[in-house]
Structure formats: C-alpha cells, structure tokens
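Let's take a walk through this model together.

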Amino acid sequence: MELSGSLSPFVANMTALTNIWLGNNSLSRHIPDLSSLILLIRNIHLEDNQFDGEIPSCLGNISTLHKV
C-alpha cells in the first residue's frame, strides 16, 4: 500500500475493528495503545515497517488474537 507516517492512536477508537493488516509499509514512530480493542481484535499484521520503541504490553493480553 506504500503507506508512510505514524499509526494514529485513533485506530483504538474503531469499535468494530477486528483485523489490522498494515504490514510491508513505511509506518514509523511507535505502535499506539490498542487495549480498547482487547475483546475484538483477531489479526494484527504490522511487520516490515519502521516502528520504534517498545511493543505495547496490551498486545500480549488479547485473548482473541490469532495472528500477530
């Protein structure tokens, strides 16, 4: 998709979001806190970007997550 810039923290406000497919882009800065999606999210693909900082601990607490 050739996306660049940062991943908006407002992604966490998308109440029907179940999949995030943003791998293989040029996204940078940090991964926002997605803890509000803890009961919804099933797949997260953020690989092959240029994120920095730590991976949010909330991603380890998502019981519905099938793929990271």
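Isoleucine 41 is in contact with Leu17, Thr18, Asn19, Ile20, Ile62, Thr64 and Leu65, leaving aside residues up to four places away in sequence. Keep in mind that this is a predicted model. Ile41 also belongs to the largest nonpolar core, a set of 17 residues. Along with Ile20, Leu34, Ile44 and Leu46, Ile41 is among those with the most contacts inside that core.

Now turn to the sheet. Three strands make an open sheet, ordered E1-E3-E5, with parallel pairing. Strands E1 (4-6) and E5 (50-51) sit at the edges with a single partner strand each, so one side of each has no neighbour in the sheet. Between E1 and E3 (residues 26-29), the parallel pairing runs over three bridges. To find one of the bridge pairs, look at glycine 5, whose partner in E3 is leucine 27.

Next comes histidine 30, in the loop between E3 and strand E4 (43-45). Not counting residues up to four places away in sequence, His30 touches Phe51 and Asp52. Asparagine 13 lies 17 residues from His30 in sequence, and their C-alpha atoms are 17 Å apart.

Finally, check the backbone angles. Where does glutamate 2 lie? Glutamate 2 is in the segment before E1, and its phi is near 60°, a positive value in a residue other than glycine. Glutamate 2 counts as exposed because its relative accessibility is 76%, with over 50% being the cut-off. Asparagine 24, in the loop between strand E2 (19-21) and E3, also has a positive phi, near 60°. At 51% relative accessibility, asparagine 24 counts as exposed too.

How values were computed
Residues are numbered from 1 along each chain as its sequence is written. This is a predicted model: local features need pLDDT of at least 70, side-chain atom pairs count only at pLDDT 80 or more; totals for chains, interfaces and linings use all residues. Side-chain values use heavy atoms; hydrogens and water are left out. A nonpolar core is a set of buried Ala, Val, Leu, Ile, Met, Phe, Trp, Tyr and Cys residues joined through side-chain atoms within 4.5 Å. Buried means under 20% relative accessible area, exposed over 50%, partly exposed in between (1.4 Å probe, protein chains only). Contact means heavy atoms within 4.5 Å. Two strands pair if DSSP finds at least two bridges between them. Helices (H or I, at least four residues) and strands (E, at least two) are DSSP runs, numbered from the N terminus.
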